[in-house]
Amino acid sequence: MEGFFPQVVFTIFGIPIRDTVVSTWIMMVIIVGAAAMIGRRQPAALEMLVDFLIDTVSSVMGRPAEPYLSFLGALAIFIAVANVIGIVPLVVSPTRDINTPLALALVVFFSVYYFGIRAKGVIGFFKDMASPIFMLPMELISHISRTLSLTLRLFGNIISTELIVAVVFALVPLIAPLPLVAFSMLTGVLQAYIFTVLAAVYIVAGLEAGEPVSAQSSQGVSSQ
Amino acid sequence: MAEMDPGTLITLVTIVTSGIAILLGTLTPAIVEGRAVLKALEGMTRQPEAANDLRTTLLISMALLESTAIYVLLICLVLIFANPLLDRFF
């Protein structure tokens, strides 16, 4: 199991750089390059992706997806590529390190406040969140606990599938790990979808806090 | 039973506990997720026009249910690979 968990590769000015950070840099280059190349040659492929994202986000949020699409779409593409890139030899998934899911979950945590304050103003947002006033601590606790659960869900799913692949590879190195690698790709894309949908649910819960429950928003699952 | 030093005893208890924990921690979410899928399928066959909404809600709630199994898995990983109690003896 030595070498399975993230390791420090080199240090810059005393800051240790792990291999997951290096593979994040590789991933950023790949995503930007692929977007530039596909966008010029075959815009239809990008259109399909954007259409799917718009459909999903607007059906989950029950409102037009435009203001949130850039944030949620970037989140979905980043997590999907980060989970899948672990199958490339010598490149590890950035989400294998718990700090990457934690950073993504913190971005979601702050985006709830950002979108809520942008829609309602600072005073309106916190007044809606604290109505009635004794709900304020519970709201804050639920915000922290769902950040933690987003982190642990993404990290646990990725680390579990990679651990299974590693164990099977140690037992039978030849053909046997291949179905599990395919399964880990499926899990990675599914987790990206779930992370994005949950982020949309949390954002819309922050936007609609204090409003009377409408028929449109009743399909959203209550926040954990 | 022969006399065991505390490190061996803690390792033994850790391994047995992790096995039991992963058993119970995956069994219960699996049963509950199966029931959720069953109810969602019943709803989808009864009202096919609501299938899209049901599918989205089903996926979200499955993710929330599955996180309990993930917590158990992470606790088992910590117990096996980074047991804090073993540091007292080695």
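This is a predicted model: local features need pLDDT of at least 70, side-chain atom pairs count only at pLDDT 80 or more; totals for chains, interfaces and linings use all residues.
1. A residue counts as buried if 20 or more other C-beta atoms lie within 10 Å of its own, and as exposed if there are 12 or fewer. Keep that cut-off in mind for helix H4 of chain A, where the buried residues are Thr100(A), Pro101(A), Leu104(A), Ala105(A), Val108(A), Val112(A) and Gly116(A).

2. The model scores ipTM 0.77 and pTM 0.83. For chain A the mean pLDDT is 83, with 92% of residues at 70 or more. Chain B has a mean pLDDT of 86, and 96% of its residues reach 70 or more.

3. Within chain A, the lowest confidence falls in strand E1 (residues 8-12), with a mean of 76, and the highest in H4(A), at 90. The stretch to read with care is residues 214-224 of chain A, where the pLDDT is below 50. Even so, that stretch has 24 contacts in the model beyond near neighbours in sequence.

4. You'll find seven helices and two strands, and from the N terminus on they run β-β-α-α-α-α-α-α-α. The C-alpha atoms fill a box of roughly 60 × 45 × 40 Å along the principal axes. Of the 224 residues in chain A, 29% are buried. Looking at contacts with a separation of 6 or more, 63% are between residues 24 or more positions apart.

5. Back to H4(A), which covers residues 99-120.

6. Which helices do the buried residues of H4(A) pack against? The partners in chain A are helix H1 (19-41), helix H3 (66-84), helix H5 (122-129), helix H6 (136-171) and helix H7 (177-207).

7. Are they buried or exposed? Thr151(A) is buried, because 21 other C-beta atoms lie within 10 Å and the cut-off is 20 or more. Ile144(A) has 10 such atoms, so it is exposed, the limit being 12 or fewer.

8. What does Thr151(A) touch, leaving aside residues up to four places away in sequence? The answer is Ile98(A), Pro101(A), Leu102(A) and Ala105(A). Two of those names, Pro101(A) and Ala105(A), are also on the list of buried residues of H4(A). Ile144(A), for its part, is 35 residues from Phe109(A) in sequence and 7.9 Å from it in space, C-alpha to C-alpha. Compare Thr151(A) and Ala176(A): they are 25 residues apart in sequence and 30 Å apart in space, again C-alpha to C-alpha.

9. Next, H6(A) against H7(A). Their axes come within 9 Å and cross at roughly 175°. That angle is over 145, so the two helices are roughly antiparallel. Among the residues making the contact are Leu150(A), Leu154(A), Ile158(A) and Val165(A) of H6(A), along with Leu180(A), Phe183(A), Thr187(A) and Phe195(A) of H7(A). By class, this contact has 14 nonpolar, six polar and two charged residues.

10. Chain B has a helix pair of its own to inspect. H1(B) (residues 6-46) and H2(B) (residues 51-81) have axes that come within 9 Å and cross at roughly 180°. That makes H1(B) roughly antiparallel to H2(B). Their contact divides into 20 nonpolar, eight polar and two charged residues.

11. At 1.5 Å a residue its 41 residues should span 60 Å, and the end C-alpha atoms are 60 Å apart, which agrees. How many of the 41 residues are buried? The number is one, so H1(B) lies largely in the open.

12. Finally, where the chains meet. On one side are 14 residues of chain B, in contact with 15 residues of chain A. The chain B side is made up of eight nonpolar, five polar and one charged residues.

Key:
Residues are numbered from 1 along each chain as its sequence is written. Chains are lettered from A and ligands numbered from 1 in the order in which they are written. Two residues are in contact if their C-beta atoms, placed from the backbone, lie within 7 Å. Ala, Val, Leu, Ile, Met, Phe, Trp, Tyr, Cys and Pro count as nonpolar, Asp, Glu, Lys and Arg as charged, and the others, Gly among them, as polar. Helices (H or I, at least four residues) and strands (E, at least two) are DSSP runs, numbered from the N terminus. The expected span of a helix is 1.5 Å times one less than its number of residues. Axes are lines fitted to C-alpha atoms, for helices over the stretch in contact, and angles run from 0 to 180 degrees between N-to-C directions. Angles under 35 degrees count as roughly parallel, over 145 as roughly antiparallel, 65 to 115 as roughly perpendicular and the rest as oblique. pLDDT is the predictor's confidence in each residue, from 0 to 100.
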